[in-house]
Amino acid sequence: MKILASYSIKGGVGKTATSVNLAHLAATQGYRTLLFDLDPQGASSFYFRVRPSEKCKSKFFFSKEKKLQKNIKASDFPYLDILPAKLSFRNFDIMLNYMKKSTTRLHKTLLTLKKEYDLILIDCPPSISLLSENVFNAADKILIPLIPTTLSERTLQQLTTFFTTHGYRNKKLIPFFSMVQTQKKLHKDAMTRLRKQYPRLLETSIPFSADIEKMGIHREPVTAFAKDTAGAQAFKTLWEEVESELACSKQKKRA
Ligand SMILES: Nc1ncnc2c1ncn2[C@@H]1O[C@H](COP(=O)(O)OP(=O)(O)O)[C@@H](O)[C@H]1O
Ligand SMILES: [Mg+2]
């Protein structure tokens, strides 16, 4: 089982769009996939029309016992399950603050699912907190959508410095350009600069696309309702790059 996170300190950069489409593409290829919506705003859950059950308990998220399953829901797509978000997830940082081994709890809990899934994709909230550190420890790779602007450059720098100073491996971080508008000189210049600075930037860029924005209307991944559009094709190429970085393997498919 591999764990992939879609993460940024910033909001509105395409973390959820990335999570939803990559989870869908992985499942389409037969990977038993779990999309874990860790953002209390619940945008990923909304896109897949899934709601948390009333019985969903926050304490299951940091338990070594196999209880997290109780919160998992099926999606409308084969091989794709969703762990929907609840507003109470906003208290995770406070909960973690009182726990021992407070930065590795999430990883331990996710490992209880390793027989059920080939891939867990975590859609993260925009912050850099104790919960984020749990993601840094749990994830094999961390995808970082970057809108090519000066502020994003700064955010990526802050994150790589945090990783270095806190003993996390910078190799886990895989940035890529998101919401790219090549007609803007600002975007083009920032992309050239950043590519020189960060050789690990993925080749694929996700364009700014009205089709991707329409996911909110269709409540489906763009890779499902408009799979031949430029936006959907870009996510497909992105997934191919990420899949090879992760070196995922498909285990026995579900019946
Ligand atoms: N490539 C894109 N092109 C155009 N709009 C996008 C694109 N990616 C995301 N959006 C839109 O931008 C907003 C923020 O995207 P989202 O994926 O929710 O970001 P985050 O999860 O980082 O907050 C949403 O309204 C979404 O529909
Ligand atoms: Mg989001």
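Guide: The dialogue below treats the sheet and then the ligand.

Guide: This is a predicted model, in which local features need pLDDT of at least 70 and side-chain atom pairs count only at pLDDT 80 or more, whereas totals for chains, interfaces and linings use all residues. Residues are numbered from 1 along each chain as its sequence is written, chains are lettered from A and ligands numbered from 1 in the order in which they are written, and side-chain values use heavy atoms, leaving out hydrogens and water.

Visitor: In what order do the strands of the open sheet lie?

Guide: Strands are DSSP runs (E, at least two residues), as helices are (H or I, at least four), numbered from the N terminus; two strands pair if DSSP finds at least two bridges between them. Here the eight strands follow the order S3-S4-S2-S5-S1-S6-S7-S8, with mixed pairing. Strands S3 (73-74) and S8 (205-207) each have a single partner strand, so one side of each lacks a neighbour in the sheet.

Visitor: In which sense do S1 and S6 pair?

Guide: Strand S1 (residues 2-6) and strand S6 (residues 141-146) are parallel, over three bridges. Ala5 has Ile142 of S6 as its bridge partner.

Visitor: Which residues are closest to ligand 1?

Guide: A residue is near a molecule if one of its heavy atoms lies within 4 Å of it. Of the 15 residues surrounding ligand 1, the closest are Gly12, Lys15, Thr16, Ala17 and Ser209.

Visitor: Which polar side-chain atom lies 2.8 Å from an oxygen atom of the ligand?

Guide: A polar contact is a pair of N or O atoms within 3.5 Å. The atom in question belongs to Lys15.

Notes
A polar contact is a pair of N or O atoms within 3.5 Å; within protein, one must be able to donate a hydrogen and the other to accept it, and residues adjacent in sequence count only if both atoms are side-chain atoms.
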